[in-house]
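Visitor: Please pick a single part of this model and give me a close look at it. Then connect it to the rest.

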Protein chains: 2
Amino acid sequence: MSAPAPEGYDPHAYAPFAVTVDLAVFTVREARLHVLLVERGQEPHRGRWALPGGFLLPREAAEDAARRELAEETGLGPGAIGALHLEQLRTYTDPDRDPRMRVVSVAYAALLPDLPEPRGGGDAASARWWDAGSTGPLAFDHDTILADAHDRIGAKLEYSCLATAFCPAEFTLGELQQVYETVWGVELDRPNFRRKVLSAPGFVQPVDGPPRRTGGRGKPAALYRAGDATALHPPLLRPQRTDASPSGPEGRDR
Amino acid sequence: MSAPAPEGYDPHAYAPFAVTVDLAVFTVREARLHVLLVERGQEPHRGRWALPGGFLLPREAAEDAARRELAEETGLGPGAIGALHLEQLRTYTDPDRDPRMRVVSVAYAALLPDLPEPRGGGDAASARWWDAGSTGPLAFDHDTILADAHDRIGAKLEYSCLATAFCPAEFTLGELQQVYETVWGVELDRPNFRRKVLSAPGFVQPVDGPPRRTGGRGKPAALYRAGDATALHPPLLRPQRTDASPSGPEGRDR
DNA sequence: TAAATAGTGTCTTTAAGACATTATCGA
DNA sequence: TCGATAATGTCTTAAAGACACTATTTA
């Protein structure tokens, strides 16, 4: 809010806006980044897929609205909803982004470990996971929001310990590496990845007890859980694309 | 905006919100980070200092509103306003952040080279620069916004070429280093800073012609202008605080 | 046994940190 | 001359890249 508010103004003299949240909920399944989408049941964009989200209640903060909508769409329990990583992305304010009325939307990115299909009560009946790289054109400006969210998550993996948010409570270093490879779309050297993760204080901590096997074949891998740290110093930088064909957008957002 | 919109809804059935922009406008003056504040002329918080900002017009995007407000507050010409670095920070949605009504605010950070005092027409009559570290308690939640903005700018200096936005069109490496030192609150080694900046492709480019002097004393420094690059690879990381007394908040936002 | 995956060790290369040193100005 | 600031050079250290090699499982 803001300083030079007009003299003696009446709230209703100002253009009323609707405010919503939109959620880019990501998970890593079968070495692909997936995003949760819902099918729209009414106009506009009836039948198109869209990011889950909804209107803020009259006395609700945006993050609370995001968690509430997420619970409705995914059927996750309150414990999981309270614990998951939810991060405000940016706010979209194009006056024409919704043909019905003036709506500004606060977008969030959420990260989940791989879960069973969303069991939908209510609104979530039509929710399902999609490969994040193969979504058709989405409703509203959700293609833009989704792309921004993917960029942001990729950038944050470099200098934060966020990747563990994609993993179950106990995970192997191979699974953690798979998160990086999937989000970035590159392959990493396993010994070097291992050295980096284990030397970063507080990134992961070993779990006592017997190791578990991975896919049936190969040596069983040791288990770790997420450590205390949230930042990663020095960062784990993406391999530079040295070829002359830049594949992504230029400046990363963060 | 958002997917499961209720059936047959009426826009006015939804809680109307006011939407504003708030601006954290920074510059570096005399080796201190400064922020532009305005004194509030009416309740609430009459007489308190606040970030400049204001309401969105009915068909105006937030970034347009931010540039408009900035022009009103600073008296900058359209050219400067169009060129300056403006970056969406995050959106503040606490239901009680404004006692008058429900207001969500989209916050922006703006970076300017050192300029003469704001010449205020209209709202800007009471605008002035403050040392960003010595602002009293500000109106609304502007202390939080200001701190978030400072954190974000500091983080972005690491991996972007943003620092040049604080400099005039032509600047010396000493002035650029001063930006880093001021925003981060640390001292940097000059030879190493120079090596890093000059080896980063597209960060700065030399200006032909005679060098200019700095403060009267000492060898005149060569001039540079900002290059094409927006990202900095590898990043210019802040020196790690190795002492046991962490002085800043833990995880950086970005 | 072979295939598959986990984990270790080492050499090379890059980039940052920590300086010493030289250059060029004004007073 | 001296003090101040700019600019260059060099040695050391830290971290990343590349990759050979060993270990432990299932089929």
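**Core and DNA surface**

Guide: Start with the largest nonpolar core, which has 48 residues. Val19(A), Val25(A), Tyr108(A), Val19(B), Val25(B) and Tyr108(B) have the most contacts inside it. A nonpolar core is a set of buried Ala, Val, Leu, Ile, Met, Phe, Trp, Tyr and Cys residues joined through side-chain atoms within 4.5 Å. Buried means under 20% relative accessible area, exposed over 50%, partly exposed in between, with a 1.4 Å probe and protein chains only.

This is a predicted model: local features need pLDDT of at least 70, side-chain atom pairs count only at pLDDT 80 or more, and totals for chains, interfaces and linings use all residues. Residues are numbered from 1 along each chain as its sequence is written, chains are lettered from A and ligands numbered from 1 in the order written, and side-chain values use heavy atoms, without hydrogens and water.

Take Tyr108(A). Its contacts (heavy atoms within 4.5 Å) include Val21(A), Asp22(A), Leu23(A) and Ala24(A). Ala62(A), Glu63(A) and Ala66(A) touch Tyr108(A) too. So do Leu86(A), Glu87(A), Gln88(A) and Leu89(A). Residues up to four places away in sequence are not counted there.

Now widen the view to chain A. Five helices and nine strands make up its secondary structure. Helices (H or I, at least four residues) and strands (E, at least two) are DSSP runs, numbered from the N terminus. Their order along the sequence is β-β-β-β-α-α-β-β-β-α-α-α-β-β. Of the 254 residues in chain A, 51% are buried. Of its contacts with a separation of 6 or more, 66% join residues 24 or more positions apart.

Strand E2 (residues 32-39) of chain A holds Val38(A). Val38(A) counts as buried because its relative accessible area is 2%. Its C-alpha lies 5.9 Å from that of Pro52(A), 14 residues away in sequence.

Next, the DNA. DNA strand C is surrounded by 23 residues. Among the closest are Ala222(A), Asn192(B) and Gly216(B). Near means a heavy atom within 4 Å. Helix H5 (190-199) of chain A and helix H5 (190-199) of chain B each supply at least two residues of this surface.

Asn192(B) has a polar side-chain atom 2.9 Å from a base nitrogen of DNA strand C. Lys196(B) places one 2.7 Å from a phosphate oxygen of DNA strand C. For Lys219(A), a backbone N or O atom lies 3.2 Å from a base oxygen of DNA strand C.

How values were computed: Polar contact = N/O pair within 3.5 Å; in protein donor to acceptor, adjacent residues only side chain to side chain.
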